[in-house]
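Here's a quick briefing on a sheet and an interface. Have a look at the model first, then read on.

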Amino acid sequence: MRRLRRLLPVVVIVAGLTSLFLFGLLRGSPDRDIPSNFLGRAVPDFELPVYERYAAEFGPTFSLAEARGRPMVINFWASWCGPCYEEAPHLQRAWERHGDEVLFVGIQTQDRDARAAGRSFIDRFDLTFPNLFDGDSRVSIAYGLFGVPETFFVHADGTLQHKYAGPVTTSILDEQIGALQR
Amino acid sequence: MTARLAYLGPRRATALAALASLAITAALSFGGALAQERELDPRVFEIGRELRCPTCVAESVGESNAAIAREMRTLIQEQLDQGASRPEVLAFFQERYGDWILLNPPMRGVNLLVWTLPWVVVLLSVLFVTRLLRRWRAAADAPVRVDPEDLDRVRSELQEPLGERTSH
């Protein structure tokens with residue numbers, strides 16, 4: 001009994017450290033769970049070049065400040081990013097359904113000198129919402145991106161409702177767009 | 001030279017040429033990278049070492065060669081050129097990424113645990129070792145209690161000449 005009592009603190013410490021170790025191993029990707037620092041605040045303005053196929057409708061550059069007044073879905077992607085290929089069809093379908101009320105903007109980022117690869121990405125999925133090129137990744141830094149893909153759901157007044165890290169699906173898009181329209 | 005290469009044999013000559021071209025490419029790219037970094041103020045790397053590289057695993061902006069880290073270093077340089085101080089540069093990134101970006105998290109909220117827990121563990125360990133040493137010392141100082149009968153037996157056995165004792 002005495003020995004057991006002596007061993008108790010050691011057992012408690014070892015059990016605590018083991019639980020901490022297992023928690024660290026099994027908690028998945030912690031960066032995905034970190035909320036954006038812009039939650040409930042206005043997202044930063046930017047002005048970026050627009051890919052040629054959208055220039056007729058949106059002009060050679062896109063300014064976020066000028067587009068305010070309408071809810072927005074801002075999606076960051078890169079041509080080298082596998083999950084971005086996964087989510088692109090979902091984004092296009094959601095844009096076709098909600099494009100009248102919500103503006104979708106794609107931003108190719110963390111993908112320096114890859115305009116050609118960006119063009120083929122856009123053509124492959126026939127993305128009809130405007131896609132921009134963040135060549136020096138400055139907008140990515142301004143938005144505090146951890147990686148790609150990340151999607152920002154922005155209210156008409158420019159404040160951030162939600163940031164989703166990882167590939168979005170139709171259900172996530174519908175849910176968040178629904179919340180933007182409420 | 002051609003004769004010597006021919007002497008080496010076609011396989012060795014090809015391997016030698018491949019090695020030489022590899023060395024030249026490596027030297028050129030390393031030189032290019034150095035030339036790019038040389039333009040940056042050493043303070044950029046000092047500040048960069050306090051920032052976590054967003055797309056890397058366990059690397060700082062000061063150490064990482066990831067494209068985003070290089071871009072962040074350029075951004076730090078631009079801010080320093082505009083007269084920003086170290087805390088101002090750190091605050092710039094903290095405003096966008098949150099406390100996560102700082103490798104030395106501020107001493108508040110849950111972060112306090114990161115700063116205090118190691119000291120608490122050290123203090124507890126010192127207290128534990130001190131207590132253990134005291135207990136050992138007390139045990140060493142205490143007189144050893146021996147049964148007088150046992151003592152007599154041992155004494156008598158010690159007085160017996162060697163070899164006279166039989167085993168049990």
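Strands here are DSSP runs of E with at least two residues, and helices are runs of H or I with at least four residues, both numbered from the N terminus. Two strands count as paired if DSSP finds at least two bridges between them. Keep in mind that this is a predicted model, where local features need pLDDT of at least 70, side-chain atom pairs count only at pLDDT 80 or more, and totals for chains, interfaces and linings use all residues. Residues are numbered from 1 along each chain as its sequence is written, while chains are lettered from A and ligands numbered from 1 in written order.

**The sheet in chain A**
- Five strands make an open sheet with mixed pairing, in the order β5-β4-β3-β6-β7.
- β5 (131–133) and β7 of chain A each have a single partner strand, so these edge strands have one side without a neighbour in the sheet.

- β6 (150–154) and β7 (160–165) of chain A run antiparallel, joined over five bridges.
- A:T151 has A:Y164 as its bridge partner in β7(A), and A:F153 has A:H162.
- Five residues sit between the two strands, and A:G158 takes a positive phi near 95° in this hairpin.

**The chain A–chain B interface**
- Contact (C-beta atoms, placed from the backbone, within 7 Å) links 13 residues of chain A with 12 residues of chain B.

Definitions and conventions:
Two residues are in contact if their C-beta atoms, placed from the backbone, lie within 7 Å.
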